[in-house]
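Here are a few notes for your read-through. Please have the model open as you go.

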Amino acid sequence: GKVTNCQIAVSVHAVTDTCSAALDWRLFLPERWDDALAADNDGADRIAQRRRRCQIPDHERHRPKWQLALDMLDELAAWGHVPPLVVADAGYGDITALRLGLTARDIPYIVSVKGSTSAYAADALPETTPYAGTGRRTTARYRTKHSSLRELVMSAGRSQLRRVTWRQGSKHTKGNPTAKMTSRFIALRVRPANRDIPRGADGQLPECWLLAEWPPGEREPTDYWLSTLPADVRLRDLVRLAKIRWRIEHDYRELKTGLGLTHFEGRSFTGWHRHVTLVSAAHLFLTELRLTSPKAAGAA
């Protein structure tokens with residue numbers, strides 16, 4: 001229930017099973033910080049004055065967070081760093097334009113999505129109605145209504161679930177003395193059905209993986225992912241990569257609580273970027289220290 005002033009950032013991290021670190025940042029500018037989007041001249045003047053006071057460059061405008069993520073991936077590619085895979089939470093995975101942007105860049109992904117996301121089963125085929133002899137010929141399209149990801153998983157049923165362990169955790173209990181992180185998963189081939197997704201020449205939607213987690217004791221799946229990893233990828237690899245986002249949450253916890261990421265109280269565009277750059281450099285230094293000299297002071 002609290003209201004606070006803050007800056008919102010988008011970040012890209014390099015992640016492995018062993019370590020991770022932030023590589024790039026963008027400061028998100030809401031529409032009310034873009035005078036070009038103001039409804040009237042008075043509003044535009046107020047926003048322009050606010051931008052000058054915060055030293056925001058004229059070329060920095062409102063861009064959706066998913067577009068900032070693609071911009072950073074393009075910048076990293078220009079530096080010679082093209083990721084073999086992109087992982088993102090549902091705030092990004094639910095955006096069709098982001099998924100299409102990754103595909104256009106030949107970057108595979110596994111991203112969280114909502115269970116309400118629409119899709120067809122992989123074996124659903126577009127159909128062409130018989131030509132009536134007059135008028136334009138019909139094109140191939142899906143004649144049946146699409147389903148949701150939740151409906152597709154529920155239709156497949158619990159019998160298709162497989163138990164997968166993706167990593168060792170840190171919480172040892174009497175029932176789980178080895179702290180194995182285990183749950184039940186199902187992987188299905190599906191065709192996401194958003195109208196913005198380009199169809200093939202035969203009218204078919206592109207095929208990809210649907211991964212869903214259905215923990216024991218739950219009445220239905222709790223988490224869903226879409227992935228363009230190869231059709232022959234192993235289920236345990238799908239699960240491990242889907243779950244690897246915990247490394248980014250770990251990064252943010254260290255950046256915020258240990259290195260002062262959220263302690264910035266300045267009001268300038270340049271000052272914010274200097275702050276996140278120094279915090280990121282400190283985090284990377286400690287990460288390397290942890291890997292090379294785990295017993296050194298500050299490595300914990």
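1. The side chain of His 275 reaches the backbone oxygen of Leu 261 at 3.3 Å. His 275 itself sits in helix H8 (residues 269-292); helices here are DSSP runs of H or I with at least four residues, strands are E runs of at least two, and both are numbered from the N terminus. Setting aside neighbours within four places in sequence, His 275 is in contact (heavy atoms within 4.5 Å) with Gly 260, Leu 261 and Phe 264.

2. A word on the basis: this is a predicted model, where local features need pLDDT of at least 70, side-chain atom pairs count only at pLDDT 80 or more, and totals for chains, interfaces and linings use all residues. Residues are numbered from 1 along each chain as its sequence is written, and side-chain values use heavy atoms, leaving out hydrogens and water.

3. Do check Gln 55, which has a positive phi of about 60° without being a glycine. Gln 55 belongs to the loop between helix H1 (41-53) and helix H2 (65-78).

4. Asp 106 also deserves a look: its phi is positive, about 60°, and it is not a glycine. Asp 106 is in the loop between helix H4 (96-104) and strand E4 (109-113).

5. For the overall picture, the protein chain has 8 helices and 10 strands. Its C-alpha trace spans about 70 × 65 × 45 Å along the principal axes. Of the 300 residues, 39% count as buried, meaning under 20% relative accessible area with a 1.4 Å probe, protein chains only.

How values were computed
Polar contact = N/O pair within 3.5 Å; in protein donor to acceptor, adjacent residues only side chain to side chain. Buried < 20%, exposed > 50% of the residue type's maximum accessible area, 1.4 Å probe, protein only.
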